[in-house]
Amino acid sequence: MNYAIGYKCMACGHEISLQPGKIVYVCEKCGQNTEIIYDYEAIAKQLTRKNLAENKDKSIWRYAPLYPVGDDAIRSPLQIGWTPLYMAKRLGKKLGHENLYIKDEGRNPSGSLKDRAGSIALSAAIELKASKIAGASTGNAGSSMACLSASLGISPIIFVPEKAPKAKIAQLLLYGAKVIAVRGSYDQAFDLCHEASIRYKWFNRNTGYNPFTREGKKSCAMEIAEQLYWQAPDWVVVPVGDGNIISGIWKGFMDLYRTGLIDKLPRLCAVQSNKSSAVSKSLKKSSLNSIIIEKTEASTLADSISVNLPRDGIGAVKAILESKGICVEVNDEHILKSIETIARNTGVFTEPAGAASAAGAEELAKTGNLKPEETVVCIATGNGLKDIDSALKAAGSPIVIEPSLTELTKYI
């Protein structure tokens, strides 16, 4: 059963009733992004701790009543979600706070958290009988949509900036997507995809603009709460670019709170590169009554969070403010170093955007906001093989020698 009852504007709060066979991307009054709202009282009767404990489905679909698609919706057969949550004591000690966990989203089918969003968006697109699915991406969202679509014999159209990492473009092409490499930024690819989707009436999967993406990403928060035995952590550290992941994480915890599955909410720490800091700058000028979104010129090496204009900026800033959280900025050198720090202290290999979470946790510890007994969860959003060039910058070079024991002895 689909318990969604409609859409609510993220900016003005205007509510729109659910319209069968139609998606409402933006508010009809102010033109801002919408979010999906539910009958939480009805969901609370279906989604209980007891029922979940007995549920053998270890994927995002264990939380099906909290998604805006029907029980008979077509789903990708791939294993999405229920990624490991590791207690990372050595990493925590290194970063200045020992009670730390890391959520390894690189274990999803295409190697990133974006599979959560893609899964719900894909099921919704099929349910809405979309003629074609399109999306813009720095790489992860696109490769996710291509991966999940391939599992169902569908070929989406994906717009990427021409300089997207080669590994991500390789994924897109191998999965059979039609790849449009735009000579420009992610923001320009986003805008072109948006224009094309309107003209050709495609299902637009674009992050932030499409409310279904947030619904998929919120499953990460649900898993964290359940994996911590229904105790929400005190802090969740989230890399932020477009803002859709952090708005989804917050919605996930809020949905669990509304259904009575958790009795407290975490604080959110948003992490941005100082070379892509639109959300950070926006937060400084905003309040819950007046959210102002700033635009910057992004140039960070962490391509997954390199965004000029955050397309879910209102949702991101709102999530930080409502959670009484903060936003920290880190430099690219710190992000690169964190790839190595995470790998050597946990065995988790993450891309630059994912490593930003550890860099952010280190900054969070320095702010004095953390108490010794508090728990912190860092979200490693994507696999390190997504951007091998950055990984090699962090790793350094191997020792090269002649095939001789004498030569080897010099380095032992």
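This is a predicted model: local features need pLDDT of at least 70, side-chain atom pairs count only at pLDDT 80 or more; totals for chains, interfaces and linings use all residues.

**Stop 1: Asn33.** Select Asn33, which you'll find in the loop between strand 2 (15-17) and strand 3 (34-38). Is Asn33 buried or exposed? Its relative accessibility is 11%, so Asn33 counts as buried, the cut-off for that being under 20%. Now show the side chain and look for backbone oxygens around it. The one from Arg311 lies 2.7 Å from a polar atom of the Asn33 side chain, and the one from Gly208 lies 3.2 Å from a polar atom of that side chain. Leaving aside residues up to four places away in sequence, Asn33 also touches others, including Lys8, Cys9, Met10, Tyr25, Val26, Tyr209, Arg214 and Asp312.

**Stop 2: two positive phi angles.** Trp230 is not a glycine, yet its phi is positive, about 65°. With a relative accessible area of 9%, Trp230 is buried.

Then jump to Lys324, in the loop between helix 12 (313-322) and strand 12 (326-330). Lys324 is another non-glycine with a positive phi, about 60°. Lys324 has 62% relative accessibility and therefore counts as exposed.

**Stop 3: the largest pocket.** Select Pro161, Lys163, Thr300, Asp303 and Ser306: of the 21 residues lining the largest pocket, these lie nearest its centre. The pocket's volume is about 430 Å³. What is the lining made of? It divides into 7 nonpolar, 8 polar and 6 charged residues.

**Stop 4: the cavity.** How many cavities of 30 Å³ or more does a search of the whole structure find? The search turns up 1, and about 250 Å³ of space lies in the largest cavity. To get there, select Lys114, Asp242, Ile245, Ser304 and Ile305, the closest to its centre among 27 lining residues. Helix 5 (140-150) and helix 10 (244-258) are the elements that give two or more residues to this lining, and helix 10 has the largest share, with 3. Colour the cavity lining by type and you get 11 nonpolar, 12 polar and 4 charged residues.

Terms used. Residues are numbered from 1 along each chain as its sequence is written. Side-chain values use heavy atoms; hydrogens and water are left out. Helices (H or I, at least four residues) and strands (E, at least two) are DSSP runs, numbered from the N terminus. Buried means under 20% relative accessible area, exposed over 50%, partly exposed in between (1.4 Å probe, protein chains only). A polar contact is a pair of N or O atoms within 3.5 Å; within protein, one must be able to donate a hydrogen and the other to accept it, and residues adjacent in sequence count only if both atoms are side-chain atoms. Contact means heavy atoms within 4.5 Å. On a 1 Å grid over the protein atoms alone, a cavity is a set of points where a 1.4 Å probe fits but cannot get out, and a pocket is an open set with protein on both sides within 12 Å along at least five of seven lines; lining residues have an atom within 4 Å of a point. Grid points are joined across faces, edges and corners, and a volume is the space filled by probe spheres set on the points. Ala, Val, Leu, Ile, Met, Phe, Trp, Tyr, Cys and Pro count as nonpolar, Asp, Glu, Lys and Arg as charged, and the others, Gly among them, as polar.
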